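Try each task yourself before reading its solution.

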Amino acid sequence: MDHYKAEYIWVDGTEPTAKLRSKTKIVPVGEEPPIWGFDGSSTNQATGEASDCVLQPVHSIDDPLRDEGDKLVMCEVLLSDMSPHPTNTRRACAEVAERFVGLGMIFGIEQEYTFFKGARPLGFPAEGGYPAPQGGYYCGVGDDEVFGREVVEEHLSVCLEAGLLISGINAEVMPGQWEFQVGPLATPRIADELWLARWLLYRVGEDFDISATLDAKPARGDWNGAGAHTNFSTKAMRESYPPILAAIEALKGKHDLHIANYGAGIEERLTGLHETASYKEFKYGVSDRGASIRIPWQVERDQKGYLEDRRPNANMDPYVVTRLILDSVGSAVA
Ligand code: ADP
Ligand code: MN
Ligand code: MN
Ligand code: MN
């Protein structure tokens, strides 16, 4: 073969929650994926008269769905003068990462999501009505409690085959809701890998006629929302306890800024019910799943480790969330 297929993947300009887009370029074997372009007027990134946007490859992995040698190519979006597009949140993330590289900050993100079949969550009766109340679904087993495992298994396999650092999966509290975890990794790599894993989730779903959504509150009523708990640690936090308490204080001082940037519809998810703290207050505690920030029990026991920021929505932008945590914690301890 004298060429390979490169699937260029980028984050678009849809508001309030950006979507993934992708298209294929045929590239000669032995060459890196070059800079490319697209029609920004079709992705909420440009007007029709000045529609050209630029795709700058930033992180390539093996494409586990096509043939040997084919690639998935995560891209930044640039304007035609090569400056970052206003919707490009990765560039600011990479700059903050560079500024605080000495902290040794790493992130592990728990991505929750919900499968849909037509207009209803998978596992909800298609004809209307509701499944049995929450209780048996979380980490469940059996045809009456688990919906979509065939997609989840395929997604896990292809992510690992592509070389993404997935650390686990589980069925969630609401039927049809699942989670995968990425990391721990530094940013922006963690965010690149999460966007690529999200793309693979949607793409694998196509083959099963099942869609996935990152909607933070996909079912009204007494059903859990979907979050993206963001676990993080600096080198100092991994070595002793006072830096862990300092990180909590730093996040407390920037609570409103973080809430405003942790995903659309966060007020509907962070109600104080369904394993959340209200968005109106900042709470932390050991093992507390009703807190904004949870200190895992082993971390208190060992007096070192990491923290879990439970506030981010499933539909958050990981370039934004990891940048904010790094900036807030880094600025306070620097
Ligand atoms: P939960 O009990 O909240 O469901 P999970 O097992 O789903 O926890 O996720 C824990 C996450 O914490 C994983 O993504 C893992 O990579 C991450 N993690 C573990 N140790 C660290 C660390 N030292 N720094 C950052 N993240 C970490
Ligand atoms: Mn989890
Ligand atoms: Mn979860
Ligand atoms: Mn969690």
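**Exercise 1.** In this predicted model, find which residues of the largest nonpolar core touch the most other members.

*Solution.* Finally, check the domains: the core takes at least three residues from domain 1 (3-88) and at least three from domain 2 (96-333).

**Exercise 2.** Name some members of the second, separate core.

*Solution.* This core has 11 residues, and among them are Ala6, Val27, Cys75 and Val77.

**Exercise 3.** Which residues does Leu307 contact, leaving aside neighbours within four places in sequence?

*Solution.* Go along the chain in order. You meet Thr230, Asn231 and Phe232, then Met237, Ile244, Ala247 and Ile248, and lastly Ile293, Arg294, Ile295 and Pro296.

**Exercise 4.** Work out which residues coordinate the manganese ion (ligand 2), and decide whether Glu110 is buried or exposed.

*Solution.* First, the donors: Glu110 and Glu179 both coordinate this ion through OE atoms, at 2.2 Å. Second, their places: Glu110 belongs to strand β6 (residues 106-117) and Glu179 to strand β9 (residues 177-185), so the pair ties together parts 69 residues apart in sequence. Third, use the cut-off that buried means under 20% relative accessible area. Glu110 has 14% relative accessibility, so Glu110 counts as buried. Glu179, at 4%, is buried too.

**Exercise 5.** Which residue bridges the manganese ions, ligand 2 and ligand 3?

*Solution.* Glu179 is the bridge, and the two ions lie 3.8 Å apart.

How values were computed
Residues are numbered from 1 along each chain as its sequence is written. Chains are lettered from A and ligands numbered from 1 in the order in which they are written. This is a predicted model: local features need pLDDT of at least 70, side-chain atom pairs count only at pLDDT 80 or more; totals for chains, interfaces and linings use all residues. Side-chain values use heavy atoms; hydrogens and water are left out. Donors are N, O and S atoms within 2.8 Å of the metal (3.2 Å for Na, K and Ca); water is not among the atoms, so sites may look incomplete. Helices (H or I, at least four residues) and strands (E, at least two) are DSSP runs, numbered from the N terminus. Buried means under 20% relative accessible area, exposed over 50%, partly exposed in between (1.4 Å probe, protein chains only). A nonpolar core is a set of buried Ala, Val, Leu, Ile, Met, Phe, Trp, Tyr and Cys residues joined through side-chain atoms within 4.5 Å. Domain bounds come from an automatic or database domain assignment. Contact means heavy atoms within 4.5 Å.
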